[in-house]
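Q: I would like a close look at a single part of this structure. Please keep to the packing there.

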Amino acid sequence: MRVETLSDVMAWTRSVHRKLAEAIDQGVVDSGDERLHMLADYLSEHERRLTRVLEQAEADAQKSVLNTWVYEFFRNVAVKHHDEFDFHSKDADQLLTDVLQVHEEIIAVYRELAGRADQNSTRELLENLCSLEEHETMRTARDAGMLRDL
């Protein structure tokens, strides 16, 4: 996926969340671990919900902000495009760690782009997206911890 504008960044993020959900669903089908299945169900639904939230955020954003160029950042910084995930043979802790790591990478991208933004409206959108990802990452970790306690 070629990332040139802020709209492309949002599309990339939605794609990562969608691919995570699909890979989680496919990666644990053969496992007999009930805790792993409960966590996988929670995580895949959570990723799908984040995809929908990002779609709405993009629909609500100003077109001028979405058209902001970020090409130089993605050309000069090594950002994983996450074309594939493989969660086969992962246990619940490994699955959670991998998913949270992807969220941290997305947060780092948003944080870096917000720090480089010239316009207040662009910075505000990026900070809001960063905050969304941070809160959802904390929520995921908290809820997964509650599943562990069951």
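Is the crossing in which helix 5 passes helix 6 left-handed or right-handed?

A: Helix 5 passes helix 6 in a left-handed crossing (the near helix is turned anticlockwise from the far one by less than a right angle; clockwise would be right-handed). The model is predicted, with local features requiring pLDDT of at least 70 and side-chain atom pairs pLDDT 80 or more, while totals for chains, interfaces and linings use all residues. Residues are numbered from 1 along each chain, and side-chain values use heavy atoms, without hydrogens or water. Helices are DSSP runs of H or I, at least four residues, numbered from the N terminus.

The two axes come within 8 Å and cross at roughly 165° (lines fitted to C-alpha atoms over the stretch in contact, with angles from 0 to 180 degrees between N-to-C directions). Helix 5 is therefore roughly antiparallel to helix 6 (over 145 degrees). The contact (heavy atoms within 4.5 Å) includes L100, H103, E104 and R111 of helix 5 and R123, E127, E134 and R148 of helix 6. By class, it holds 12 nonpolar, three polar and eight charged residues (Asp, Glu, Lys and Arg are charged; Ala, Val, Leu, Ile, Met, Phe, Trp, Tyr, Cys and Pro nonpolar; the others, Gly among them, polar).

Helix 5 also packs with helix 1 (residues 6–27), at about 180° with the axes 12 Å apart, so these helices are roughly antiparallel too. Residues meeting there include W12, V16 and L20 in helix 1 and V99, V102 and H103 in helix 5. This contact has 12 nonpolar, three polar and no charged residues.

Methods. Helices (H or I, at least four residues) and strands (E, at least two) are DSSP runs, numbered from the N terminus. Angles under 35 degrees count as roughly parallel, over 145 as roughly antiparallel, 65 to 115 as roughly perpendicular and the rest as oblique.
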